Amino acid sequence: MASHKFFFLIVLTALLLICTNALSPKELQCSSQKVHLTIYYDTLSPSCEEFIVFELPKAFELDFMPIINLRLVPYENAYIQEHDTIICQNGPAECYLNSIEACVINIWPDVNKHFNFIHYVATQNLGGIQSKANAWKSCSKITRLSDKRVLDCYKSGSAKKLQLRYANETKHLDPPHTNMPWVVVNKRPIYYDYKNFVSYVCEAYQGHPKPSACTSLIFSSAKKSNSWFYIYLFLLHLLFCSPLGF
Ligand SMILES: *[C@@H]1O[C@H](CO)[C@@H](O)[C@H](O)[C@H]1NC(C)=O
């Protein structure tokens, strides 16, 4: 009798794994459309810095990066006064750094390159360095992105144009942004759940196979997987607690 039970246990376990992995109808379609992941942030906002330093690097896992189109938009809570003067929540140092990062993104559009820089700046600022505005120069050395090109962009007025473009994009967000950072997955904001952006991207991704970052989320996030898990527990209960002895 015991060996029967273990046989059923193995069958049930196999079924659970098959159901949680493969039965989602979305996954049966094979499309390789990238998921748009856009991060609206401000350079000196602590919640944004923490997100950039500790959470966003998850996007760069080897098999996750190829399924997303990641964009960073350093502007979120800034606003424009008369004569196109930009005012930033955390003062002129933040406006300066937003502009510097806009230049870096524009000069090195490859997200692998400019994210290194942006990550380094955020790490330094979180670390509480004194002169926040000037610390980016050491970042450009470390990440080997020429600070001369960045300064040329800043001084030439390109930075201002880039900021105004971001301002316009940020202003037209629908729904409008509220919390920081504002993380949008295929045009849908994920509000305060931004630290879980990986599971939203996985859900939005129609292609197959899913990256390993998605399959490791089976038990932690997907609600449908939870329900399979409860069915499994119920069947286990029947198997081991049935008065008929199965
Ligand atoms: C501002 O953004 C809207 C919506 O994204 C776009 O249609 C429009 O062309 C933009 N205007 C400028 C001046 O960039």
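Predicted model: local features only at pLDDT ≥ 70, side-chain atom pairs only at ≥ 80, totals over all residues.
User: What is the overall make-up of the chain in helices, strands and buried residues?

Analyst: The chain has eleven helices and six strands. Of its 246 residues, 28% are buried. Among the contacts with a separation of 6 or more, 71% are between residues 24 or more positions apart.

User: Why is C103 called buried?

Analyst: A residue is buried if 20 or more other C-beta atoms lie within 10 Å of its own. C103 has 24 C-beta neighbours inside 10 Å, and therefore counts as buried. This residue is found in helix α4 (residues 92-107). Leaving out residues up to four places away in sequence, C103 touches V150, C153, Y154, S158, A159 and L162.

User: Why is H119 called partly exposed?

Analyst: Buried requires 20 or more other C-beta atoms within 10 Å, and exposed requires 12 or fewer. H119 has 18 within 10 Å, so H119 is partly exposed. Its place is in helix α5 (residues 111-126). Apart from neighbours within four places in sequence, H119 is in contact with I52, V53 and P57. H119 and I52 are 67 residues apart in sequence, and their C-alpha atoms are 6.1 Å apart in space.

User: Which residues have the most contacts inside the largest nonpolar core?

Analyst: They are C103, V121, V185, F197 and V201, in a core of 48 residues. For V121, the contacts beyond four places in sequence are T43, L97, E101, A135, W136 and C139. F197 and V201 are among the buried residues of helix α9 (residues 197-204), as are V198, Y200 and C202. The buried residues of α9 pack against β1 (35-41), β2 (68-74), β5 (182-185) and α10 (212-215).

User: How do you know that β2 and β6 are the edge strands of the open sheet?

Analyst: The order of the four strands is β2-β1-β5-β6. β2 and β6 (188-189) each pair on one side only, and these are the edge strands.

User: What makes the pairing in this sheet mixed?

Analyst: The sheet is described as mixed, and two of its pairings show both senses. β1 and β2 pair in the parallel sense over seven bridges, whereas β1 and β5 pair in the antiparallel sense over four bridges. Two strands pair if there are at least two bridges between them, so these pairings meet the requirement. Particular partners can be located as well: Y41 has P74 of β2 as its bridge partner, L37 has V185 of β5, and I39 stands opposite V183 in β5.

User: Which residues surround the ligand, and how are they divided by class?

Analyst: R165, N168, E169 and H172 surround the ligand. The shell has no nonpolar, two polar and two charged residues. Asp, Glu, Lys and Arg count as charged, so R165 and E169 are the charged pair. N168 and H172 are therefore the polar residues of the shell.

Definitions and conventions: Residues numbered from 1 in each chain as written. Near = placed C-beta within 6 Å. Contact = placed C-beta atoms within 7 Å. Core = buried A, V, L, I, M, F, W, Y, C linked by C-beta atoms within 7 Å.
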